[in-house]
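Work through the exercises below with the sequence and the 3D view at hand. Try each task before reading its solution.

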Amino acid sequence: MFEKVLIANRGEIALRIHRACREMGIRTVAVHSTADNDAMHVRLADEAVCIGPPSARDSYLNKAAILSAATITGADAIHPGYGFLSENADFAQMVEEHGFVFIGPTADHIRMMGDKITAKQAVKDAGIPVVPGSDGSIDSEEEALRVGAEIGYPVLIKATAGGGGKGMKVARTPGELVEAWKMARNEAKAAFGNADVYMEKYLGHPRHIEMQILADNYGAVVHLGERDCSLQRKHQKVLEEAPSPALNADQRARIGKIACDAIAKLGYRNAGTIEFLFENGEFYFIEMNTRLQVEHPITEAITGIDLVREQIRIAAGAPLGYTQDDVRFQGHAIECRVNAEDPQSFIPCPGRISGYHAPGGLGVRVDSGLYSGYRIPPHYDSMIAKLIVHGNSRNEALMRLRRSLGEYVIEGIKTTLPLHNRLVQDSDFVNGDYDIHWLEKFVERNT
């Protein structure tokens, strides 16, 4: 087992990784920008190294600085968390080439799944169903119109190197398609430095379902059930729950087996998440995330399996030590992402926390680096906390979530807690009757 792990991230996920390491007897190294001098993960780590100024480009995305910090502190391995360099194949390769262990999949698998077209073909060959669409990138208006006519409207144009909704446009008619194709290419070029786009059939009312996978170095693969991530605003997840209210046990077992078989064929290792659109009883592959997900705590709640601990064990060469039959799903869990944003306009609201009180009690977990007096820097993602609740049933989890939201106090800045308070009272959400478009309409009704 590793003696020292460098955490190449910040905020709540850096703190989450630190806690897992300490419970395993592993010392930690926090790297941080000057804006994060007082961050909780920096204060709790065994060692801390400042790697640059506030800009992420000059600190948390600075590969050379992170590797230098690992060298001078004598780290054995590097955990990238999520975001930043977590799905950067070049970084994963550099980590290994410099003699450290990258706590995640191989650089080749990150590279494969980082390109949407390559990923789609790889999983299709491995037996995972995909949304009907183009076989590769769409390089001309004529090709776009031809493929659109073949698969039928509406269609979705997506950036091959995309994420977070950038480079993604819907076209409902041939007349809209050419303009959507041009706009998606321009947006993809500006966001990712790669203008390539592809086309898929646009599904009208799907749910966003993702399967959590763990795979060791010896061919063992298990799934830890699904998460429903359909509640999204501008393609950013807001609330997730596990299991999905829309799936039954047979559907869960079917897609879980398909996902595990595909991962085994690909020879993938460590944690990964296969994301699907689910409509009319059918699953369609969207993408695979080759890292830990923000919403991983709800999977931990219903399985009792510490995903970060498993990531570290697998990276250190340990076998899973259990089979699919050993995985048990207990109860229901819900996660609310709390952002430092105005709950009406969603404008970021960094600043000083003047008062802070986290909810507690049975089945309540808060992942956050906040404390009274902490100043949230304006340079990074606005998510500042995750509230996770677990109950024996969905109704119990929902009642626990309402109670916990009522206890949560964050003073000094605006947050999205009021949005969650409204959301958990809505009858559609209470009944589990929603799809990926529902939250946008809910926000419009309540602003």
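The exercises that follow concern a predicted model.

**Exercise 1. Domains**

Task: State into which domains the chain is divided, and find what distance separates the centres of domain 1 and domain 2.

Solution: Start with the bounds. Domain 1 covers residues 4-101, domain 2 covers 141-201, and domain 3 covers 207-445. Next, take the centres over C-alpha atoms: those of domain 1 and domain 2 are 36 Å apart.

**Exercise 2. Residue T28**

Task: Locate T28, decide whether T28 is buried or exposed, and list its contacts.

Solution: First, T28 belongs to strand β2, which spans residues 27-33. Second, the relative accessible area of T28 is 0%, and buried means under 20%, so T28 is buried. Third, leave aside neighbours within four places in sequence; T28 is then in contact with V5, I7, H18, C21, A45, D46 and E47. Among these, H18 also has a side chain that forms a polar contact of 2.9 Å with the side chain of T28.

**Exercise 3. Residue K386**

Solution: The relative accessibility of K386 is 0%, so K386 counts as buried. Its side chain makes a polar contact of 3.1 Å with the side chain of E12. Neighbours within four places in sequence aside, the residues in contact with K386 are E12, V294, H296, P297, E335, C336, R365, V366 and D367.

**Exercise 4. Helices α4 and α5**

Task: Describe how helix α4 and helix α5 pack, and name the residues that meet.

Solution: Two packed helices are described by the angle between their axes and the distance between the axes. For α4 (residues 89-97) and α5 (residues 107-114), the angle is about 180° and the axes are 8 Å apart. Angles over 145 degrees count as roughly antiparallel, and α4 and α5 are therefore roughly antiparallel to each other. At the contact, α4 supplies A89, D90, A92 and Q93, while α5 supplies A107, I110 and R111. Sorted by class, this contact has four nonpolar, one polar and two charged residues.

**Exercise 5. Residue K189**

Solution: Apart from neighbours within four places in sequence, K189 is in contact with N194 and A195. The C-alpha atoms of K189 and A161 are separated by 9.5 Å, and these residues are 28 residues apart along the chain.

Note on methods: Residues are numbered from 1 along each chain as its sequence is written. This is a predicted model: local features need pLDDT of at least 70, side-chain atom pairs count only at pLDDT 80 or more; totals for chains, interfaces and linings use all residues. Side-chain values use heavy atoms; hydrogens and water are left out. Domain bounds come from an automatic or database domain assignment. Helices (H or I, at least four residues) and strands (E, at least two) are DSSP runs, numbered from the N terminus. Buried means under 20% relative accessible area, exposed over 50%, partly exposed in between (1.4 Å probe, protein chains only). A polar contact is a pair of N or O atoms within 3.5 Å; within protein, one must be able to donate a hydrogen and the other to accept it, and residues adjacent in sequence count only if both atoms are side-chain atoms. Contact means heavy atoms within 4.5 Å. Axes are lines fitted to C-alpha atoms, for helices over the stretch in contact, and angles run from 0 to 180 degrees between N-to-C directions. Angles under 35 degrees count as roughly parallel, over 145 as roughly antiparallel, 65 to 115 as roughly perpendicular and the rest as oblique. Ala, Val, Leu, Ile, Met, Phe, Trp, Tyr, Cys and Pro count as nonpolar, Asp, Glu, Lys and Arg as charged, and the others, Gly among them, as polar.
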